[in-house]
Amino acid sequence: MNIVGLDSLVFGVDDIPQCCQYLTDYGLIPYNVDETGGQFKGVDGSSVVIKARGDASLPLALPTGSMLRKTIYGVADTHSLEQIKVEMSKDREVLVLDDGSLEVTDPNGFVLGFQLTVCQPLTLAAEKINAPGDAQRAVNCIGSIIEPTIIPRSLSHVVYFVPDQALTEAFYLRLGFVTVDRFNNLGPFMRPAGTLEHHCLFFIETPPHMLGIEHFTFHVGGPTELMQIGRQFVQKGYESFWGPGRHIFGSNWFWYFNSPLGAHVEYDADMDLHDENWTPRACDATEDSSQLFNFTLVDNWQPGGGPH
């Protein structure tokens with residue numbers, strides 16, 4: 001099943017103007033935004049969709065009231081859609097929507113969509129560094145460029161709170177996801193078959209009353225962009241939750257912020273790539289195993305505070 005990654009996250013929110021302003025200030029491109037909500041896109045076309053909590057077009061909310069109403073994955077071809085339909089039909093209802101996309105519900109109640117991906121390949125340059133022995137930037141090419149407008153490039157990953165990590169992992173393995181690394185006491189980092197990125201899905205095992213989304217994130221072009229766009233976000237009045245810093249599993253730089261979407265929202269950059277030759281790592285999640293470093297040394301090193 002050639003699932004290539006996340007296309008979109010759909011939210012039903014309490015305060016549409018506040019959420020729309022938040023995502024605009026975060027750097028996404030507003031599209032068809034009005035009083036009923038709208039879509040907010042990264043450079044590649046991946047997006048976050050905002051609607052009112054009571055919008056009749058939304059799937060049913062989780063019993064916990066989480067504002068995330070649907071996670072939409074992009075697939076490479078119609079053959080992959082058919083494979084997903086056949087596999088999921090073995091033990092659950094598969095809806096075929098008017099646009100040809102599929103809709104199913106995972107064991108926790110998260111509604112998933114599968115569609116031919118809308119994301120476009122990117123050819124943007126990445127940040128380059130110079131170091132003794134490996135000068136990557138061209139001569140006379142400046143590294144410290146002030147970027148007044150930074151647009152997040154692509155929807156990177158989503159993190160769920162789930163009551164049973166083993167049950168959840170088994171379900172996504174059926175969809176062709178691969179477990180890349182694991183925190184034994186929390187859950188696995190997983191990537192779908194159509195990408196080499198370290199993960200586009202991670203879940204944290206928590207009591208049932210916490211079921212929902214912990215955070216989502218978009219990639220930016222490198223650590224310097226992450227520091228610049230994060231600083232700009234702080235200057236707009238938004239509250240930092242965790243970071244900036246760098247993870248160990250995935251190696252991605254991170255900076256998390258509080259949001260009105262009932263979830264934390266992160267910027268990330270420079271994630272590891274892995275193929276079938278990778279041997280998954282496993283350890284318990286601790287402050288020392290989660291972050292290589294963190295510029296703001298705070299107690300809440302783990303989003304959501306972990307199991308209670």
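On a 1 Å grid over the protein atoms alone, a pocket is an open set of points where a 1.4 Å probe fits, with protein on both sides within 12 Å along at least five of seven lines; its lining residues have an atom within 4 Å of a point. Grid points are joined across faces, edges and corners, and the volume is the space filled by probe spheres set on them. By that rule, the second largest pocket holds about 330 Å³. It is lined by 17 residues, and A126, E127, K128, G143 and I145 are the closest to its centre. The lining has 6 nonpolar, 5 polar and 6 charged residues; here Ala, Val, Leu, Ile, Met, Phe, Trp, Tyr, Cys and Pro count as nonpolar, Asp, Glu, Lys and Arg as charged, and the others, Gly among them, as polar.

Before going further, please keep in mind that this is a predicted model, in which local features need pLDDT of at least 70 and side-chain atom pairs count only at pLDDT 80 or more, while totals for chains, interfaces and linings use all residues. Residues are numbered from 1 along each chain as its sequence is written, and side-chain values use heavy atoms, with hydrogens and water left out.

**The largest pocket**

Of its 35 lining residues, L122, R153, S154, E197 and H219 are the closest to its centre. Two elements give two or more residues to this lining, β1 (3-13) and β11 (154-162); strands are DSSP runs of E with at least two residues, helices are runs of H or I with at least four, and both are numbered from the N terminus. The largest share, 4 residues, comes from β1. By class, the lining has 16 nonpolar, 12 polar and 7 charged residues.

**Aromatic rings**

Rings of Phe, Tyr and Trp (its six-membered ring) pair if their centres lie within 6.5 Å; planes under 30 degrees apart count as stacked, over 60 as edge-to-face and the rest as tilted. The count is 26 aromatic pairs. Here are two of them:

| Pair | Centre to centre | Angle between planes | Class |
|---|---|---|---|
| F183 and F189 | 5.4 Å | 65° | edge-to-face |
| F257 and Y267 | 5.9 Å | 80° | edge-to-face |

F257 belongs to strand β17 (residues 253-257) and Y267 to strand β18 (residues 264-269), so their pair ties together parts that are 10 residues apart in sequence. Both F257 and Y267 are buried, a word that means under 20% relative accessible area, with exposed over 50% and partly exposed in between (1.4 Å probe, protein chains only). F183 is buried as well, at 5% relative accessibility, and F189 is buried at 6%. Ring pairs also link F11, Y22, Y26, F216, F218, F233, Y238, W255, F257 and Y267 into a cluster.

Two members of the ring cluster, Y22 and Y26, are among the buried residues of helix α1 (residues 16-26), together with I16, C19, C20, L23 and D25. At the start of α1, a side-chain oxygen of D15 comes to within 3.0 Å of the backbone nitrogen of Q18. After the helix comes G27, with a positive phi near 120°.

S101 lies in the loop between β6 (95-96) and β7 (102-105). It is buried, with a relative accessible area of 7%. Its side chain makes a polar contact of 2.6 Å with that of D99; such a contact is a pair of N or O atoms within 3.5 Å, where within protein one must be able to donate a hydrogen and the other to accept it, and residues adjacent in sequence count only if both atoms are side-chain atoms.

**Backbone exceptions**

Most residues other than glycine have a negative phi, and most peptide bonds are trans. N140, however, has a positive phi of about 70°; it is exposed, with a relative accessible area of 75%. D270 also has a positive phi, near 65°, and is partly exposed at 42%. Finally, a cis peptide bond with omega of about 0° joins G243 and P244, and P244 lies in strand β16 (residues 240-247).
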